[in-house]
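Subject: Structure handover

Hello,

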Amino acid sequence: MTAALLIEDLVKAFGTGRPAVDGVSFDVPAGEIVVLLGPSGCGKTTTLRCVAGLEHPTGGRISIAGRAVSEPERGLLVSPRERDIGMVFQSYAVWPHMTVRQNVAYPLRHRRKASGDIDAKVKETLALVGLADFAERPATSLSGGQMQRVALARSLVYHPQLLLLDEPLSNLDAKLRIHLRDELRRILKQTGMTGLYVTHDQTEAVVLGDRIGVMRGGKLLQMAAPGEIYNRPADAFVANFTGASNVLRGTVLGRSGEIAMIDLGAAGRIEAWTPQLLAAGDSARVALRAENVRLGERGERNAFSGRVLERRYQGMQTVYDLDLGGQRLEALELGTAARHHADGEIALTLPPETCWAYRDEEHAAA
Amino acid sequence: MSRPAWEDFVTATQAAALPDSGETVRPTRGLAASLWVGALLLILTFLVAYPLLMLVFGALSDSNPVVDGFGAFRPSIAHFVEVLENENVRLAFFNALAACGGGTALAVVIGLFFSWIVVRTNTPFKGFIAGASMIPLFVPPLVAGVAWGILGSPKTGLLNTSLKWLGIDFRFDFYSMTGLIAVFGMYYAPYVYMFTASALRNMDPSLEEASEVSGASAFTTLFTVTFPLIAPAILAGTLLSFVVMLGIYGVPAALGAPANISVLTTYIFKLTAWSPPLYNTAAAVAILLMIVTAILVWAQQRVLSGRSFATVAGKAFRPRSLDLGGWRWFTFGLALVYLLIVVVLPTLALVVAAFRKFLFIKDFDALFDSRAYGLSHFNAVFDNPLTMLSIWNTLKVGVITALLGGALAFAIGYTVNRTHVRGRRAIDLLSTIPVAIPGLVVGVAYLWAWIGLPGGLYGTIWILALAFIARFMPDTVKALSTSFLQIHKELEEAAWICGRGVVSTIATVVLPLARPGVVASMTLLFVLAIRELGSSLFLYTSDTTVMAVLLLDYYEGGNTGKTAAFSLVQTLILAVLLGLTNWLSRGAAQGGSRVG
């Protein structure tokens, strides 16, 4: 079966300088939702707009359902309206001079393939997004969440091959965002839609995506299932971006397979998983999540002794600032009761499978 | 969109949170405030309410204020009705509607097209096109009318001479309704442009992208999404350009009169120029013109205050520019053609007519015969003592208007925007009324108000200046209010806390900070005053003639050469003054920003 979307070596340069999208390749099989995740300016939105045809790529090839729609090397560029895609915009882009029904019916009226019963389709789609009773409302009378539902209905009503979503939830308030996020996944899965979704919010990415692609500086760093992104990040940036904010610096002593032994100096030695071919003597950074530090435990491997510098009680959790042989480490304890002292020595274990070692690029360069 | 509701909420809470400082904090100032408001109201009554009332009385009576005085005043609605039933009035009314309606339609097409080219396409030299297409705004209407008369008069027009030489059988006739519509449409397109260009610029581009992704073509998108979205801006620009055209005297005077086409403005003037002058009828027709204008201005304000849905709260957009491919040279060419027709051709026509000894050109080759050119018309113009007098008068009136009008607008703007004194609504209302009164009507009203009073203002240049101040009051106050809004209220409050009084705070905090706005408003007033024709027509005497009026004199005297020469002189003086004031106000703006 052909992939619903295939992107090969996509390049988009604006004028001179570093390209906004720099050699990105991935595919989205039919029925899957792929999320592009990254900080602002990483090229994720540009990639999406290239797929939509709203930006014109300067290199590479984009194919939708087996048909090449953009290949600048051959001078091929299919216009957005002939790509059979749907798109949901960050600003909703619901036309304020039309009613909800007119908005949703618009694509059916202006498509090449004239569809039979427009009214029935509009009704069905509005019911799907939970706006069955709002058809005659003017678009300006809707709330943000309702407008985004209209935008979704408008892009689903003609069953496009591919649905593109450009930070659709980022203009909504926090509570509504969570609600709509779960509902969005239900609707997409219910319709069997193939989706490409762009966001800077990692929780949104994990909940919605079958696979997540992390981007930075125009490059795709890792494309994998959420579990793998969270547990086996391919590099230090992915690890940090997905929440592994602790970094311990050290020197590689040796490596066997995917397990490396690293000397952290005064704190001692640490065993860590690594996706890279680290060699003895390399400078390394060990990344780990604050939630994965086991306080007060002395395990068989990676057991250390630290000192609590500060304890910050946050209600649902407690954060400890620790000193580990001269390096700072943050630990997080869940629950409403803080069980450890605010100062003094403390035993702690850093499970090897949650510690990830990467080459220390900054250090090596210096 | 939740923005308007949010804004309402904020204003409501602010209003609730901030006490009425003018009355509750400093109650001892009650008397001073009342005196101040009373003085402002008195000035505005004198400037606006009294002349208007006199105009209404005039329209409702058949007595002559000069001969009969006020004693013979017998109000009667019958007179007004009689005037409205007059066939000539009706003809002038429908001519005005046709000329302004047709002109507006053309202006909308041109303005919309240019705003789309400049904001939404990759047409080359867009900045140049945007700047150059505003030039018509600065051309005095009478000069435009005169130039097009020289170009397009049916017998001797330069265009027709060229056509004859080219062997083309077609002849232009700008002394016609079509000519009137064409010149109106071309010169008032910038009013539409200003509104539509900013609406297009502020429009969320994804609204159009959504349409394209939905399968609509670029053309369909333009007509089902883009234009409907900026419809309020198009309507506002349409109404404004219609209102402006309705009040213009110069263009119909130059192009309509030879063909005996009267519109309301030219008809009103004709009435006062008859012997004996029909002042009562003129007042009645002026009221008719004012009512039509007021309705349209009210409609325009309604459109503007309605929630414009083209914009989304506080977000800056990069406007989408459509790649036109090879067509972009076509759109560029159209822009050049527009500039050629509106700027280059009329200027050439004026130059040729001004420097040629005799305008009669028997064939195209004769156009380039250097012996036919000379400075005789300029000599004739400057030999006339009235010429220098009119220039001097114009400058005097301009300076008086700018200084007095600017100061008054500052006082009004501050009182309305920055204080909570009782009576500020009345001040606001009185100072806004003139927005709905065409200049010509202001002239008639001032004539009515002062001609009957012995030893009064009539016959001095002060009556011109006062009429201009009243006429441009709304524009000036509005321009100043914007700069008041940019000065945070707390800056003033901080000065009060420091122990300064209200006057001292204004002098040391508000005035320095608002200086760029004040200078800009005075500049605007000066420029508007020196080119104003409509209200001057009824108020000048031979001692107080101004440039615009003298130009009309030359034109009606029938000497095209002198008219063209004086048009050029006037245009040159305007351009120099415009450049000078612009330079001055820019300097002041920079000085002001250093203070801020």
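Predicted model: local features only at pLDDT ≥ 70, side-chain atom pairs only at ≥ 80, totals over all residues.

For chain A the pLDDT averages 90, and 97% of the residues score at least 70.

Chain A overall

Chain A has 366 residues, of which 43% are buried. Its secondary structure consists of nine helices and 21 strands. Taken along the principal axes, the C-alpha atoms of chain A fill a box of roughly 75 × 50 × 35 Å. If you take the contacts in chain A with a separation of 6 or more, 66% of them are between residues 24 or more positions apart.

Sheets in chain A

As background, the strands of a sheet pair through backbone hydrogen bonds, and they do so either parallel or antiparallel.

One open sheet in chain A contains six strands, in the order 7-8-9-3-10-11, and its pairing is mixed. Strand 7 (85–88) and strand 11 (219–224) of chain A are its edge strands, each pairing on one side only. From one strand to the next, the twist averages 20 degrees. At one end of that order, strand 7 of chain A runs parallel to strand 8 (residues 162–166) of chain A, and four bridges join the two. Within this pair, A:Val88 stands opposite A:Leu165 of strand 8.

Another open sheet has five strands in the order 16-20-17-18-19 of chain A, with antiparallel pairing. Here the edge strands are strand 16 (294–295) and strand 19 (327–334) of chain A, and each pairs on one side only. Strand 16 of chain A is joined by two bridges to strand 20 (residues 344–349) of chain A, and these two run antiparallel. The bridge partner of A:Leu295 is A:Leu348 in strand 20 of chain A.

A hairpin in chain A

Strands 13 and 14 of chain A form a hairpin with five residues between them. In the turn, A:Gly265 has a positive phi of about 80 degrees. Strand 13 (residues 259–263) of chain A runs antiparallel to strand 14 of chain A, and five bridges join them. A:Met261 stands opposite A:Glu271 of strand 14.

Which side chains of strand 14 (residues 269–273) of chain A are buried? Along this strand the side chains alternate.

Where chain A meets chain B

The contact between the chains takes 22 residues from chain A and 19 residues from chain B. On the side of chain A that touches chain B, strand 7, helix 2 (100–109) and helix 4 (144–156) of chain A each supply at least two residues. The largest share of that side, three residues, comes from strand 7 of chain A. By type, the residues of that side of chain A are 11 nonpolar, seven polar and four charged. Strand 7 of chain A is also an edge strand of the six-stranded sheet described above.

Chain B

The domain assignment of chain B gives two entries: domain 1 (35–64 + 376–596) and domain 2 (87–374). The C-alpha centres of these domains of chain B lie 26 Å apart. Their contact takes 37 residues from domain 1 and 36 residues from domain 2 of chain B. Several helices of chain B each supply at least two residues of the domain 1 side, including helix 3 (30–59) and helix 21 (439–451). Helix 26 of chain B gives the most to that side, with 10 residues. The residues of the domain 1 side that touches domain 2 of chain B divide into 22 nonpolar, 13 polar and two charged.

B:Phe174 is in the loop between helix 9 (158–166) and helix 10 (177–201) of chain B. Why does B:Phe174 count as buried? B:Phe174 is buried because 25 other C-beta atoms lie within 10 Å, and the cut-off is 20 or more. Not counting residues up to four places away in sequence, B:Phe174 touches several residues, among them B:Trp148, B:Leu151 and B:Leu255. B:Phe174 and B:Gly145 are 29 residues apart in sequence, and their C-alpha atoms are 9.4 Å apart in space.

Regards

Key. Residues numbered from 1 in each chain as written. Chains lettered and ligands numbered in written order. Pairing = 2+ DSSP bridges. Axes fitted to C-alpha atoms, helices over the stretch in contact; angles between N-to-C directions. Buried ≥ 20, exposed ≤ 12 C-beta atoms within 10 Å, placed from the backbone. Contact = placed C-beta atoms within 7 Å. Nonpolar A, V, L, I, M, F, W, Y, C, P; charged D, E, K, R; others polar. pLDDT = per-residue confidence, 0-100. Domains from an automatic or database assignment.
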